[in-house]
Amino acid sequence: MMKTKLTIYLFLFGVLLQAQTSKQPNILWIVCEDISPTLSMYGDTTAKTPNLDKLAQQSIIYTNAFATTGVCAPSRSAIITGMLPTAIGTMHMRTAKDIKSWGNRTYKEVATREGGDGQDEAVLDLKGNKIREYSAVIPENVKCFTEYLRANGYYCTNNQKTDYQFAAPLSAWDENDGKAHWRNRPKGKPFFSVFNIEDTHESRIWLNKDLPLTVDPKKVILPPYFPDTDEVRKDVARHYSNIEIMDQKAGEIINQLKKDGLYDNTIIFFYSDHGGPLPHQKREIYEYGLKAPLFIKMPNSQTSSQSEQLISFVDLGSTVLSLANIKPPKDIEGKAFLGKFKSQARAYVFGTSDRFDEFSDRIRSVCTAKYLYIKNYYPQLPKYKDVGYRKSMPMMLNMLALKEANLLNDIQMAWFKTKENEELYDIINDPFSLNNLANNPKYAKVLKVLQDQEQKKFNSKIDLGAIPESEMIAKMWPNNKQPQTDDPTYKIKNGDLNIVCATKGASISYKISKSKDENFGLNSKWNLYTKPISIQKGEYVYIIANRIGFKDSAIVIATR
């Protein structure tokens, strides 16, 4: 009888544990940078990635996952907000030299309202107007999706890159630094943890030049748009070698999860923030600039599967919310592709291309599982942009030298020519987008459908890229000044602290202390305010408000 009761108890305990896991599962993101689907689970075995291979063997492998932009900051803004960059004004790369540092808060900065009128006179918009540094002011109804997780009991950590085109608000993360980790969460709380691995970033092609190559340059396969030179082969091999370094670090994170006994019941996402880092890839709106690896391990999965469903990276946040059994906001672009609130599969994904560093342009794309359509709003501009940053890459300088010597073939030279008004490619049969079908009568119906989709998504009324960047900034920052979040106000009644902020769209964060200390909480964790707080006599509550893109409010101290 006792044995039977114990069996029943263990069964019920297991059911309860499974129900709790299903209700609020732990979720981990392992994010790398700047790689196309150049991994073994996508058919490219050049780089040896045993850790990712093993994870993929238990994952859903998505073969049609696309970033919105082929560069990090606009892409990351889309991921954290669930919105196309062109809809919220985050499409220009980059809005400030070090937007992450704007999140550092001190009392001195609060007192001076964190001011600063930095101007980079070398950067111009499409009308030739100077562009100042700025933080994008996004619509009041749009928040970082992690705020909805926090409001529903999740402990959210980001280690460490943000690069959202605005300072990460305090309301977005419980921890947001190089020490952020699920291990720091309060006992019993589910977690959403992000780890960013930077070893595959474009810059590591030259920064890692003295590291040994673990991939043989003679064995790499070159796409047709690259000349076959020693410089090109070495940089391509360097990128694959960097992928192997990244795999080792991904394995370390996975092993930490296993050591903590959390691997089996944690949902794990692996993805890159956009496509590859090499010339003709990064910053491009073609498939090799936007298409990225994405695979997801569900709890207790022991097998792999493959999905050809079209995924836009605006969908990632909504999918996390859906998996956490939280209904995604209805007025954002992102649609969940897994979980309780799974949406209908997409028929199209959309890409955007605007300013990259010192070069402005406007290009839009629509992609299906078979076709890629591109609309060039400034066809007189060349496809190639002479961005100074990437000319630290030896192969880029080699390609430019070959161009000047007239030693590139027609395919390799096409990148340096002016654009056509429209482009249409069959990406199944033409994966490198070499044969433009836009003027082929055979594809007139396909062209018309994709033209209509592009106009519907990017007409001038809803695409902020349709106006010069300087004019957009003037609307975001009236009188050339960053708007200020109003200081929060509060009332205490029957021991409950009620806090409000007059700024529409503002979020409120707070900390509680037993003593008054002006330095308290400036560099430590803040709580997200969602409902009245019960405070005791003698306690001090430090309160700060922020709307994304605005300056923070002053820190207000409440006490009974």
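## Salt bridges, pocket and strand pairing in a predicted model

Aspartate 210 counts as exposed, at 69% relative accessibility; here exposed means over 50% relative accessible area, buried under 20% and partly exposed in between, with a 1.4 Å probe and protein chains only. Lysine 209 also counts as exposed, at 54% relative accessibility. The side chains of aspartate 210 and lysine 209 meet in a salt bridge, 3.5 Å from N to O. A salt bridge is a side-chain nitrogen of Lys or Arg within 4 Å of a carboxyl oxygen of Asp or Glu. Salt bridges that share partners also join Asp34, Glu202, Lys282 and Arg283 into one network.

This is a predicted model, in which local features need pLDDT of at least 70 and side-chain atom pairs count only at pLDDT 80 or more, while totals for chains, interfaces and linings use all residues. Residues are numbered from 1 along each chain as its sequence is written, and side-chain values use heavy atoms, with hydrogens and water left out.

A search of the whole structure finds 32 salt bridges. The table lists some of them.

| Lysine 161 | Glutamate 33 | 2.8 Å |

Lysine 161 and glutamate 33 form a salt bridge. Lysine 161 lies in the loop between strand E6 (155-159) and strand E7 (175-176), and glutamate 33 in the loop between strand E1 (26-32) and helix H2 (50-56), so the pair ties together parts that are 128 residues apart in sequence. Helices (H or I, at least four residues) and strands (E, at least two) are DSSP runs, numbered from the N terminus. Both lysine 161 and glutamate 33 are buried. Glutamate 198, by contrast, is partly exposed, with a relative accessible area of 34%.

The largest pocket holds about 810 Å³ of space. On a 1 Å grid over the protein atoms alone, a pocket is an open set of points where a 1.4 Å probe fits, with protein on both sides within 12 Å along at least five of seven lines; lining residues have an atom within 4 Å of a point. The volume is the space filled by probe spheres set on the points. Of the 30 lining residues, Ser36, Pro37, Thr38, Tyr288 and Phe432 are the closest to the centre of the largest pocket. Helix H8 (230-259) and helix H9 (287-290) are the elements that give two or more residues to this lining, and H8 supplies the largest share, 3 residues.

In helix H11 (residues 394-404), the buried residues include Met395, Met396 and Leu400. The buried residues of H11 pack against H8, where contact means heavy atoms within 4.5 Å. Asparagine 406, which follows H11, has a positive phi near 60 degrees.

Strand E17 (residues 489-493) and strand E18 (residues 496-500) pair in the antiparallel sense over 5 bridges; two strands pair if DSSP finds at least two bridges between them. Threonine 489 stands opposite valine 500 in E18. The hairpin of E17 and E18 has 2 residues between the strands, and asparagine 494 there takes a positive phi near 55 degrees. The order E17-E18-E21 makes an open sheet of 3 strands with antiparallel pairing. E17 and strand E21 (533-534) stand at the edges, each with a single partner strand, so one side of each is left without a neighbour in the sheet.
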